[in-house]
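Please read this report alongside the model.

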Amino acid sequence: MSIERIPISREGYEKLKADLDRMQNVEMTEMARRVATARDMGDLRENAEYHAAREDHGMLQARVDALKDKLSRAYIMDRSTLPTDAVVFGVRVRVKDLDLDEEEVYELVGPGDDDFMKNKILITSPIGQGLVGKKCGDTAEIRVPRGTLRYEILEISMP
C-alpha cells in the first residue's frame, strides 16, 4: 500500500464509496452464504466447492482492502480553484502525437471517473503524469512501456 495522495472529484469519490458499500454489504454477505453452503457439503479436505468459495472470498476481501486504501488516500479536488492555462486535474487537453501526426483529446480525472473508451484517463497514469504542468505549445515526452510518446499541447479547456 502506498502513501501517495490521490486527487479525485466529489463524484468519483462518491462512486468509489458506493462500490465499497456494495462489496461489503452485498457481495460479502453472498460470499459468506456461499462458503457456509459449501461447508455443509461434507469433508472439507475433498470439497472443491468449499475451496473455490474460500478463494473467491479472499479475492473479494483483497479488492475491498485496496478500495479502502484508495479512499483513505483520496483528496477531493475543487476544479474552480485550479489554473486554466496549464494541464492540471480535471482539464480536457487536445494534443498532437508528433510521431503519428494524429490529434487526441484526453480528460485527466481521478479514480472512479476514468473511462478509457471516452478518453478519460487517470491523472496518475504515465500519460497523465507526463502532461501535468504543460502549457499550450509545450512538447511532452512521455515514457510508456512501448517507448516514448511525443505530444504537442494544442488546447487546454475545462469539460
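Helices (H or I, at least four residues) and strands (E, at least two) are DSSP runs, numbered from the N terminus. The model is predicted.

## Glutamate 103 on β4

Glutamate 103 belongs to strand β4. That strand covers residues 102-109. How exposed is glutamate 103? The relative accessible area of glutamate 103 is 49%. Exposed requires over 50% and buried under 20%, so glutamate 103 is classed as partly exposed.

Glutamate 103 has a computed distance to tyrosine 151. The two C-alpha atoms are separated by 9.0 Å. Along the chain, these residues are 48 residues apart.

## Helix pair α1 and α2

Two packed helices are described by the angle between their axes and the distance between the axes. Here helix α1 spans residues 10-39 and helix α2 spans residues 48-73. Their packing angle is about 160 degrees. Their axes lie 9 Å apart. Angles over 145 degrees count as roughly antiparallel, and α1 and α2 are therefore roughly antiparallel to each other.

The crossing of α1 past α2 is left-handed. What kinds of residues make up the contact of α1 with α2? The contact contains 15 nonpolar residues, three polar and eleven charged.

## The largest pocket

The largest pocket has a volume of about 310 Å³. Its lining comprises 15 residues. Nearest the pocket centre lie Tyr106, Ile127, Arg146, Leu149 and Tyr151. By class, the lining divides into nine nonpolar residues, one polar and five charged.

Which elements give two or more residues to this lining? They are β4, α3 (126-131) and β7 (147-157). The most comes from β4, which gives four residues.

Tyrosine 151 sits in strand β7. Its relative accessibility is 4%. The cut-off for buried is under 20%, so tyrosine 151 counts as buried. Tyrosine 151 is also among the residues nearest the centre of the largest pocket. In space, tyrosine 151 and valine 95 are 5.8 Å apart, C-alpha to C-alpha. In sequence, they are 56 residues apart.

Leucine 131 is part of helix α3. Is leucine 131 buried or exposed? Leucine 131 is buried, because its relative accessible area is 0%. The C-alpha atoms of leucine 131 and valine 95 are 9.5 Å apart. The chain separation of this pair is 36 residues.

Isoleucine 121 lies in strand β5. With a relative accessible area of 11%, isoleucine 121 is buried. Isoleucine 121 is 106 residues from lysine 15 in sequence. Their C-alpha atoms are 16 Å apart in space.

## Positive phi in two loops

Where does aspartate 101 lie? Aspartate 101 is in the loop between β3 (92-97) and β4 (102-109). Its phi is near 55 degrees, a positive value in a residue other than glycine. Aspartate 101 has a relative accessible area of 55%. Exposed means over 50%, so aspartate 101 is exposed.

Asparagine 119 has a phi near 60 degrees. This too is a positive value in a residue other than glycine. Asparagine 119 occupies the loop between β4 and β5 (120-122).

Terms used:
Residues are numbered from 1 along each chain as its sequence is written. This is a predicted model: local features need pLDDT of at least 70, side-chain atom pairs count only at pLDDT 80 or more; totals for chains, interfaces and linings use all residues. Side-chain values use heavy atoms; hydrogens and water are left out. Buried means under 20% relative accessible area, exposed over 50%, partly exposed in between (1.4 Å probe, protein chains only). Axes are lines fitted to C-alpha atoms, for helices over the stretch in contact, and angles run from 0 to 180 degrees between N-to-C directions. Angles under 35 degrees count as roughly parallel, over 145 as roughly antiparallel, 65 to 115 as roughly perpendicular and the rest as oblique. A crossing is left-handed if the near helix is turned anticlockwise from the far one by less than a right angle, and right-handed if clockwise. Ala, Val, Leu, Ile, Met, Phe, Trp, Tyr, Cys and Pro count as nonpolar, Asp, Glu, Lys and Arg as charged, and the others, Gly among them, as polar. On a 1 Å grid over the protein atoms alone, a cavity is a set of points where a 1.4 Å probe fits but cannot get out, and a pocket is an open set with protein on both sides within 12 Å along at least five of seven lines; lining residues have an atom within 4 Å of a point. Grid points are joined across faces, edges and corners, and a volume is the space filled by probe spheres set on the points.
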